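Please read this short report with the model open beside you. Follow each residue as it comes up.

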Amino acid sequence: MLCAMSIHAQENLNLVFYNLLNYPAAPPANRNQILSALIQEMEPDLFMVCELESLNGANEILDTSLNSVDNVYSAAPYINNTSSGSDLQQLLYYNNTLFELDQTDIIQTSLRDINRYRLKLLTEESIFIEVFVAHLKASQGEENEERRLEMVNTFTTYLETIDPDDPVIFAGDLNLYRSTEAAYQELLDPTNAVVLKDPIDTAGNWNSNPSFASVHSQSTRISNNEFDDFGAGGGLDSRFDFILMSENLFETETPITYVNDSYETYGNNGNCYNNRIDDSDCSGIYSSTVRNLLYQMSDHLPIRAQLQVNSETLGVNENIKEQATWKIIDNVAEDQIEIAFAKAENKVITVFIYDQTGRLITQIEVGQQTKLILPISNYAEGLYYVTSNNRSFEPLKFLKTY
């Protein structure tokens, strides 16, 4: 599904951070549709972003990128940057079937606010997660490193005001070039009120170093000429984007834990050093379709990680319903696909077919039946998504070939 609709035992929650690159001003004009297709792939439950330019842009993402299929996402309040004249802002979107927003705050710095979001997990036991989203000072040089450290010091001081037992997520475009940089060391300082960890613990000089090709998140492009000079070029050679987590998320006897090896630079197959992300030489587990969407969307790649919730420990919300099931028998087809339902529905449901840009292709009403044959011979080649108005159904996808 786009995101989990209920918390079952050992349910995984998807965290995604994404620098959206001057949204909505940067081209192409259909980035809301491109982002919608990526959302279908990444399935975030917490979607943390930076480089939003306006409330209109924030609302467009919520309405047409996140909630284009199921109306399960909410946005935290959008607040224009208060720290300086910068017009780039951070924001959190969240799955409202899993979380409710308990509190928001801003941490003022010398450049951009750091945004705080306190979320309550919708389980019987009161479990809170603290989420901070940041965009630190860019560029190399001693002065810029000092600015990043100043911003981080403000944040780590703020950590003294929150409950140290609550899990903490610190995500952002941190513009760090190496692990020895003072700002990175301060973030992971074991004497802080809340101790943070880097889930992949990849120490070294990340910038322009092929040894770290698998963790580089910028730039997805060799040149920004075809994007009206928005963003950076130079190919994939920098690790700027991070999701850091509090130490208690790595403890085994806690209700919420980090899923080992789930941290990924989404779209990076590890073989794209100094190249554009959509190049055919960068093939691997991330398809050319996904990498082309990432190339069009931003000069940064998203970061994705997972948390595991042990709902047997927490107790499950009494309103959670048993999840219905359906599946596509063969999801690579030329002429038709067969959708099988685990059991006949007792009411008519509507099935929606979307292409990879988020455009609705067709919708079909399904009555009391356990099988649907859908002709697709007239569909263009590519990836398609199948959803329904039954929110218990996980979204499906299929590939149309020739």
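**The six-stranded sheet**

This is a predicted model. Start with an open sheet of six strands. Their order is β5-β6-β7-β8-β10-β9, and the pairing is mixed. Which strands form the edges? They are β5, residues 99-107, and β9, residues 196-197. Each of these pairs on one side only.

Strands of a sheet pair through backbone hydrogen bonds, in either a parallel or an antiparallel way. Strand β9 is joined to β10, residues 241-246, by two bridges. These two strands run antiparallel. To see one of the pairings, find Lys197, whose bridge partner in β10 is Met245.

Helix α3 spans residues 142-158. The helix touches β5, β6 (114-121), β7 (127-135), β8 (168-173) and β9. The direction of α3 makes about 130° with that of β5.

**Salt bridges**

How many salt bridges does the structure hold? There are eleven. The table lists some of them.

| Pair | N to O distance |
|---|---|
| Arg118 and Asp102 | 3.2 Å |
| Glu264 and Arg304 | 2.6 Å |
| Arg276 and Asp278 | 2.7 Å |

Take Arg118 and Asp102 first. Arg118 sits in strand β6 and Asp102 in strand β5. The two residues are 16 apart in the chain, and the pair links distant parts of it. Is Arg118 buried or exposed? Its relative accessibility is 14%, so Arg118 counts as buried. Asp102 has a relative accessibility of 43% and therefore counts as partly exposed.

Next, look at Glu264 and Arg304. Their side chains meet in a salt bridge. Glu264 lies in strand β12, residues 264-265, while Arg304 lies in strand β13, residues 303-309. The pair therefore ties together parts that are 40 residues apart in sequence. Arg304 has a relative accessibility of 16%, so this residue counts as buried.

Now turn to Arg276, which forms a salt bridge with Asp278. Arg276 is partly exposed, because its relative accessible area is 27%.

Rolling a probe the size of a water molecule over the atoms shows where empty space is left. The second largest pocket has a volume of about 280 Å³. It is lined by 24 residues. Which of them are closest to its centre? They are Ala138, Asn175, Gln218, Phe240 and His300. Strand β1, residues 11-23, gives the largest share of the lining, with three residues.

**A strand with two faces**

In a regular strand, the side chains alternate between the two faces of the sheet. Strand β21, residues 396-400, has one covered face and one uncovered face. Leu396, Phe398 and Lys400 make up the covered face. Lys397 and Leu399 make up the uncovered one.

Strand β21 pairs with β15, residues 332-333, in the parallel sense over two bridges. Strand β20, residues 382-388, is joined to β21 by five bridges, and these two strands run antiparallel. Val332 stands opposite Leu399. Leu383 also stands opposite Leu399.

Which peptide bonds are cis? One of them runs from Pro27 to Pro28, with omega near 0°. Pro28 is placed in the loop between β1 and α1 (31-42). A cis peptide bond also joins Gln218 and Ser219, with omega about 5°. Ser219 lies in the loop between β9 and β10.

Asp201 is exposed, because its relative accessible area is 63%. Asp229 is found in the loop between β9 and β10 too. Its phi is positive, about 70°, and Asp229 is not a glycine either. With a relative accessible area of 56%, over the 50% cut-off, Asp229 is therefore exposed.

Conventions: Residues are numbered from 1 along each chain as its sequence is written. This is a predicted model: local features need pLDDT of at least 70, side-chain atom pairs count only at pLDDT 80 or more; totals for chains, interfaces and linings use all residues. Side-chain values use heavy atoms; hydrogens and water are left out. Two strands pair if DSSP finds at least two bridges between them. Helices (H or I, at least four residues) and strands (E, at least two) are DSSP runs, numbered from the N terminus. Contact means heavy atoms within 4.5 Å. Axes are lines fitted to C-alpha atoms, for helices over the stretch in contact, and angles run from 0 to 180 degrees between N-to-C directions. A salt bridge is a side-chain nitrogen of Lys or Arg within 4 Å of a carboxyl oxygen of Asp or Glu. Buried means under 20% relative accessible area, exposed over 50%, partly exposed in between (1.4 Å probe, protein chains only). On a 1 Å grid over the protein atoms alone, a cavity is a set of points where a 1.4 Å probe fits but cannot get out, and a pocket is an open set with protein on both sides within 12 Å along at least five of seven lines; lining residues have an atom within 4 Å of a point. Grid points are joined across faces, edges and corners, and a volume is the space filled by probe spheres set on the points.
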